Amino acid sequence: MEGKQKDTFTEQNFERKPSIYSLQLNELEMWLKEQGEPKFRATQIFDWLYKKRVDHFAEMSNLPKGLREKLENHFIITTLKTIAKHSSQDGTLKFLFELHDGFSIETVLMRHDYGNSVCVTTQVGCRIGCTFCASTLGGLKRNLEAGEIVAQVLKVQKVLDETNERVSSIVVMGIGEPFDNYQSLLSFLKIVNDEKGLNIGARHITVSTSGIVPRIYDFANEGLQINFAISLHAPNTELRSRLMPINKAYDLEKLMDAVRYYIEKTGRRVTFEYGLFGGVNDQIEHAEELARLIKGLKCHVNLIPVNYVPERNYVRTPRKQIFEFERTLKKHGINVTIRREQGHDIEAACGQLRAKERKEEAR
Ligand code: SF4
């Protein structure tokens, strides 16, 4: 098993006051203790933040004035400024939010038969460099604090509050590589999962990685019941290296070893995300090779007909070929689905809206 590695970017710059949304319940209890305040206040504060969803400490009317002032002096309640909101015919809503330092991030609300799902961003930009992805074009600018990830869910929840709906699931598949911001990711997961917080069930949360192998081992050892997905996109290491440079650091063999460890350790199924790129990885021989690679694993394949990305040269796989790919996997007993396309008319693929806005800003 690979050893733990230190996050290069995990240390956050707290020159400004930290977001209170970054604190787990037990961390807030500890802070209150240091302030000489009773522990039960943490539950009250969580209630104001996540159930009543207030934007100001002054509104927390059942807290003593002194405590409200202390909160004000130590923390901020992160607010995200909406700079664009695009709605799709299928109900998908894509938000472009501005952070306190002027950087922008994307968050997507997807509407399914089974509820409302939010796709969150974990980093401003990304350094992984997948060749099909618009999010990585400007590189990595910075990690998000846990509170900035939590704030995205809250912001969408507040939109849903207007129609008495709720966020029922979360996918961590927006801009950034979640495992490159590991500690913030873990805090975020614990905060949104807390029944005193947003109370989103672990089995309704999915984290996806491009394949940072040491973190897969760490994640397996966390004992969480979160759904786990791997962006695979290729059935052999040569093709994967061409599509995803991360494969040069952690090749397919190392990745599959880590996946096997994860399944063994957690007993949970893994999802392989497989984007279909016309003429690149979508041939029948690729499906056959993929079936051989994952045969016998407790897994599921999610085929993603990839949106055309203007900055990249990939084209869509024809419908007929998508179904042939699916049939080939099924023939080998592989559990497979084709992802329903959402927000096709609003650049809902990762990073597309942000890339477009950035281009417009640069004009
Ligand atoms: S697909 Fe994900 S990991 Fe790859 S460059 Fe884009 S944001 Fe980063």
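The largest nonpolar core in this predicted model holds 88 residues, and among its members V118, V150, V153, I170, F188 and V192 touch the most others. Helix 4, which spans residues 146-161, gives the most to this core, contributing seven residues. The core also reaches across the domain assignment, drawing at least three residues from each of domain 1 (24-74) and domain 2 (81-362). In soluble globular proteins, nonpolar side chains tend to be buried together.

When its neighbours within four places in sequence are left aside, V118 is in contact with T107, L109, Q152, V153, V156, V167 and I170. Two of these partners, V153 and I170, are themselves listed with V118 among the core residues that touch the most other members.

For the protein as a whole, 42% of the 363 residues count as buried, and the secondary structure consists of 12 helices and 12 strands. Among contacts between residues at least 6 apart in sequence, 68% join residues at least 24 apart.

The elements whose residue ranges are discussed in this report are listed below.

| Element | Residues |
|---|---|
| Strand 1 | 81-87 |
| Strand 2 | 93-98 |
| Helix 4 | 146-161 |
| Helix 9 | 252-266 |
| Strand 10 | 270-276 |

Strand 1 and strand 2 pair in the antiparallel sense over six bridges, and H86 has K94, in strand 2, as its bridge partner. The two strands form a hairpin with five residues between them, and in the turn G91 has a positive phi of about 95 degrees.

Around the ligand there are 12 residues, of which C126, I128, C130, C133 and T136 come nearest. By residue class, this shell divides into six nonpolar, five polar and one charged.

Not counting residues up to four places away in sequence, R268 touches F228 and I263. R268 and N227 are 41 residues apart in sequence, while their C-alpha atoms are 7.9 Å apart in space.

How values were computed: Residues are numbered from 1 along each chain as its sequence is written. This is a predicted model: local features need pLDDT of at least 70, side-chain atom pairs count only at pLDDT 80 or more; totals for chains, interfaces and linings use all residues. A residue is near a molecule or strand if its C-beta atom, placed from the backbone, lies within 6 Å of it. Ala, Val, Leu, Ile, Met, Phe, Trp, Tyr, Cys and Pro count as nonpolar, Asp, Glu, Lys and Arg as charged, and the others, Gly among them, as polar. A nonpolar core is a set of buried Ala, Val, Leu, Ile, Met, Phe, Trp, Tyr and Cys residues joined through C-beta atoms within 7 Å. A residue is buried if 20 or more other C-beta atoms lie within 10 Å of its own, exposed if 12 or fewer, and partly exposed in between; C-beta atoms are placed from the backbone. Helices (H or I, at least four residues) and strands (E, at least two) are DSSP runs, numbered from the N terminus. Domain bounds come from an automatic or database domain assignment. Two residues are in contact if their C-beta atoms, placed from the backbone, lie within 7 Å. Two strands pair if DSSP finds at least two bridges between them.
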